[in-house]
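Please examine the sequence and the model displayed here.

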Amino acid sequence: PGTVTATAGWFYYVKLFPTYLQFFLLIVFILGLFYLLLNIILGFDLIIKNNNEDLGKDLLLILWVLIPLIILSYTAFKTSGHGEDRYLMLIFPAVFLISSRIIVKISDYIKKYNSIIAVAFIILVIFIVGFQQIKSADSLIKDKVTSYDAVKTAGLWIKQNSRPGDVVISNSIPQNTYYSERATYYEYEDQKIKALKPRFFVVSVFENS
C-alpha cells in the first residue's frame with residue numbers, strides 16, 4: 001500500500017509541472033535536466049574525488065528537486081491522502097537554476113559566432129517565459145476570483161442577522177471575520193464550542209467543518 005501511495009503522489013506532483021512552468025519553460029527545464037544528468041553520469045568519478053566543483057553544484061541542483069519530490073510523494077499521500085501544491089514551491093529555485101544552465105550554455109555557444117545574437121537569444125527566452133507566465137497567472141486569477149463567493153455571501157448574511165458581540169464558529173476564520181465583522185473561531189470539541197456560546201455555526205466545503 002505504501003508503494004502505491006508514493007507512486008500516486010509522485011505522479012500527482014510531476015503532473016503539476018506543465019501547469020506551473022508552461023510549455024516553453026517546461027521544455028527548457030527538461031533540456032537542462034538532461035544536460036545536468038549527462039554531466040553527472042559522465043563525470044561521476046570526479047564528483048567522488050571532489051575534483052570538479054561545477055559537477056558538485058549540478059548534483060546539488062538535481063538532489064534539490066529530487067529529494068523534496070520523493071519526500072512529498074510519500075508523506076503527503078500517506079498522512080493525509082492528498083497532495084498539497086504549495087509544498088512544491090521549495091524546489092522551484094533549483095528548477096529555475098537548472099533551466100538557466102541550458103539557456104546560458106546555448107547562449108555561450110551562439111556567442112562564439114555572434115555576441116549580439118547571443119544576448120538577443122537570452123532576451124527572447126525571458127520575454128517568451130514572462131509572457132506565458134503572466135498570461136497563465138491572469139487566467140488563473142480570473143478563474144478563481146469568485147471561487148469564495150459563497151463564503152462571502154454567508155459572512156455578509158451573518159453580519160445582517162447578528163449583533164456585534166455575537167460569536168461564529170467557522171473554519172473560514174479570516175474570510176468570515178472580514179465579511180461578517182464578527183468574532184470567528186474554529187472549534188470541534190463540544191465543551192469548547194459551548195464555552196464560546198456561538199450564535200452561528202458555518203458548515204463549508206471550502207474549509208471542511
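The account below moves from the chain as a whole to its core, its sheet and several individual residues.

This is a predicted model, in which local features need pLDDT of at least 70 and side-chain atom pairs count only at pLDDT 80 or more, while totals for chains, interfaces and linings use all residues. Residues are numbered from 1 along each chain as its sequence is written, and side-chain values use heavy atoms, with hydrogens and water left out.

The secondary structure of the protein chain consists of 9 helices and 3 strands. Helices (H or I, at least four residues) and strands (E, at least two) are DSSP runs, numbered from the N terminus. Along the sequence, these elements follow the pattern α-α-α-α-α-α-α-β-α-β-α-β. The protein chain has 209 residues, of which 28% count as buried; buried means under 20% relative accessible area, exposed over 50%, and partly exposed in between (1.4 Å probe, protein chains only). The accessible surface of the protein chain is about 14100 Å², and carbon and sulfur atoms account for 66% of that surface. Such areas come from the Shrake-Rupley method with a 1.4 Å probe, and for residues only the protein chains shown count as cover. Among contacts between residues at least 6 apart in sequence, 61% join residues at least 24 apart, where contact means heavy atoms within 4.5 Å.

The core comes next. In soluble globular proteins, nonpolar side chains tend to be buried together. A nonpolar core is here a set of buried Ala, Val, Leu, Ile, Met, Phe, Trp, Tyr and Cys residues joined through side-chain atoms within 4.5 Å. The largest such core has 26 residues, and the members that touch the most others are Phe17, Leu21, Leu88, Ile91 and Val95. Two or more residues of this core are given by each of helix 2 (17-42), helix 4 (53-79), helix 5 (92-111) and helix 6 (115-144). Helix 2 provides the largest share, with 9 residues. Phe17, leaving aside its neighbours within four places in sequence, is in contact with Gln22, Leu26, Phe29, Leu69, Leu88, Ile91 and Val95.

Gln22 is placed in helix 2 and is partly exposed, with a relative accessible area of 22%. Most residues other than glycine have a negative phi. Gln22, although not a glycine, has a positive phi of about 70°. Phe34 is also found in helix 2, and at 57% relative accessibility Phe34 counts as exposed. The C-alpha atoms of Phe34 and Ile98 are 9.7 Å apart in space, and these residues are 64 apart in sequence.

Leu90 lies in the loop between helix 4 and helix 5. With a relative accessible area of 46%, Leu90 is partly exposed. Beyond its neighbours within four places in sequence, Leu90 is in contact with Trp64 and Pro68. Between Leu90 and Pro68, which are 22 residues apart along the chain, the C-alpha separation is 8.0 Å.

The strands form an open sheet of 3 strands in the order 2-1-3, with parallel pairing. Strand 2 (183-185) and strand 3 (200-201) stand at the edges with a single partner strand each, so one side of each is left without a neighbour in the sheet. Two strands pair if DSSP finds at least two bridges between them. Strand 1 (residues 167-169) and strand 2 run parallel and are joined by 3 bridges; Ile169 has Tyr185 of strand 2 as its bridge partner. Helix 8 (residues 173-180) lies across strand 1 and strand 2 and runs at about 165° to strand 2. Axes are lines fitted to C-alpha atoms, for helices over the stretch in contact, and angles run from 0 to 180 degrees between N-to-C directions.

In the loop between helix 8 and strand 2 is Glu181, which is partly exposed, with a relative accessible area of 48%. Glu181 has a positive phi of about 60° although it is not a glycine.

How is Ser162 placed, buried or exposed? Ser162, found in the loop between helix 7 (149-160) and strand 1, counts as buried at 13% relative accessibility. A polar atom of the Ser162 side chain lies 2.4 Å from the backbone oxygen of Ile158. The side chains of Ser162 and Arg182 are joined by a polar contact of 2.9 Å. A polar contact is a pair of N or O atoms within 3.5 Å; within protein, one must be able to donate a hydrogen and the other to accept it, and residues adjacent in sequence count only if both atoms are side-chain atoms. Leaving aside its neighbours within four places in sequence, Ser162 is in contact with Arg182, Arg199 and Phe200.
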